[in-house]
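Please look through the sequence and the model shown below before reading on. The report that follows takes up a few parts of it in turn.

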Amino acid sequence: MSTNTERHPGETAPVEAPASSDSATPVRRRRRRVPEITYSVLVFLGLLVVWQVVVKVFDVSTILVPAPTAVADSLIDGFRDGSLVTHSLVTCKEILIGFGIAVGAALVSAVLITQFRAVERVLFPLLILTQTIPKVAMAPLLIVWFGIGVSSKVLTVALIAFFPLLINAVLGFRSAAHEQVEMLRSFGASRTQVMRHLQIPSALPHIFAGLEVAVILSVTGAVVAEFVGSSEGLGYLIQASNFTLDVARTFAVIVVLSAIGIALHAIVVQLGKWLVFWTATPTDTAGEV
Amino acid sequence: MPTSTDTDCVIRLDALSMVYPTKSGGTVQALDDVSLSVRAGEFISIVGPSGCGKSTLLRIIMGLSRQTSGQVTFGPSDDTHRNQLGMVFQQPLLLPWRTVRKNLLTSPDLHRARDAATHAKAEELLVMLGLEEFGDRYPNELSGGMQQRVGIGRALMHDPRILLMDEPFGALDAMTRDQMGLDLLKIWDQDRKTVLFVTHSIPEAVLLADRVVVMTPRPGRLADVVEVALPRPRRLENINTPEFGEIVLKIRKLLDSEHSAH
């Protein structure tokens, strides 16, 4: 078999991997030495300083706005006596279980909806209809039905995270080009093989866009459900702190909640980058919710 | 059109017709009474304007669409199964999460037939297609021409006896396109598979083929089959010879006369 190694100029150059820093001009390189995140951090620290100064200078009441240092003290106290840790664990448990249920239910529903026309015709309009119900409005009902324990929170989280996941997963499973399906069919691929080799991988970018939105919504869902009725968790802690006018602790809990949200979101984003390595453009839909 | 004996006829189309229902309730006749015999090892180009049903024809042979009436038989003793067909599409249609090498192995993977022999075949194809350095690259790192080479290699992976090509170079720029055509001829010359090559470029059709099937639209009919008696191996310079020009002109007239008849 003779070799054919000649390629003409038009197609020798494969697209380079994203921006090799060597090719950057000296000017741009100098600017790049300070990462943009540095400025964000500086601005954030500046705001904290302004906040501290305003509170001290104008002697703002601690039951209105506590100074950042007071919040920090409260945070340290909370971690020392373990209260923030135990309540965080409860909330994290609710978030993770509820999120897990939502992911499982949404993926199974999306597969059924995209694979069976009958399911799509009957179920999809109903699901879209129920999507218009504000899910947090269901939280009190769920408390009545499932008690003030973990299960009512888990269900609220699952409900609230389910829809963005479902919609994105359905879009994702449908995103494979018809021509690609035919290509696999021409090689004798069965329906399940088309699913496995084409539709599932094609759906991944969309699914991760949904996961990014849903994971943030999960945190909100857990806290709201805890507001409605609970005896533990960070949402409970916020209400308890408000009741005792311990606003510094309320702020401390909010800081912890943000940290949880950022961490979970970061995990999803990293997982997405690792699994969906072939798309040049990252899934950025509502990434900053 | 010379009559071929049954022994070397590899595909026979008998009075193929294809009618599509349209959304407005009417019907479109994509193919009307198309008959054709293809000999083993023959390179056939199918040329015609868009809407003449040339892609539909390939899809029916491939088994992706079902004809309304008529028959497709594979010769000599109808032992040609679908897996002895390989199809190359207009777009490369590579799976972006698979490396070039794994894209070549798509078909063996589907049939759970990946073994030492298929791996060796994949390496052989990489060399033949001039992609030996790109086996571990992902499709989005390749140029359009290289991607389509992988698409061709993927169709050759299971060593089909018949290669169906649906405007495979239609999405490429003119220069790449000419080069790909000549490269395709080199590959074809190695084991002379039967090729059905759909295109809307008349010079491309003539440069590559032994016979050019000319089709006309609405309904998709076979206007004529033109013999291309040019010597092989063909070169790009062939395009400038008077013989080549005559054949191109003949095909163009066929298409024009059918067009003005409507």
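Where is the place of B:Leu142 in chain B? B:Leu142 lies in the loop between H4 and H5 of chain B, where helices (H or I, at least four residues) and strands (E, at least two) are DSSP runs, numbered from the N terminus.

## About the model

This is a predicted model, in which local features need pLDDT of at least 70 and side-chain atom pairs count only at pLDDT 80 or more, while totals for chains, interfaces and linings use all residues. Residues are numbered from 1 along each chain as its sequence is written, and chains are lettered from A and ligands numbered from 1 in the order in which they are written.

## A loop residue in chain B

B:Leu142 counts as buried because it has 22 C-beta neighbours inside 10 Å; a residue is buried if 20 or more other C-beta atoms lie within 10 Å of its own, exposed if 12 or fewer, and partly exposed in between, with C-beta atoms placed from the backbone.

## Helix H4 of chain B

Helix H4 of chain B covers residues 116–128, and its 13 residues reach 18 Å from the first C-alpha to the last, close to the 18 Å expected at 1.5 Å a residue (the expected span is 1.5 Å times one less than the number of residues). The buried residues of H4(B) are B:Ala122, B:Leu125, B:Leu126 and B:Met128. Seen down the helix axis, these residues fall within an arc of 160°, so they line one face of H4(B); the arc is that of the directions from the axis to the C-beta atoms.

The face turned away from this buried side carries the exposed residues B:Ala116, B:Ala117 and B:Ala120. What covers the buried residues includes helices H2 (100–104), H5 (144–156) and H6 (174–191) of chain B, and H4(B) is followed by B:Gly130, whose phi is positive, near 70°.

## Two helices of chain A

The secondary structure of chain A comes to 11 helices and 0 strands, and of its 289 residues 34% count as buried. The axes of H9(A) (residues 191–228) and H11(A) (residues 247–275) come within 10 Å and cross at roughly 165°, where axes are lines fitted to C-alpha atoms, for helices over the stretch in contact, and angles run from 0 to 180 degrees between N-to-C directions. H9(A) and H11(A) are therefore roughly antiparallel to each other, a term for angles over 145 degrees.

Methods:
Contact = placed C-beta atoms within 7 Å. Parallel < 35°, antiparallel > 145°, perpendicular 65-115°, else oblique.
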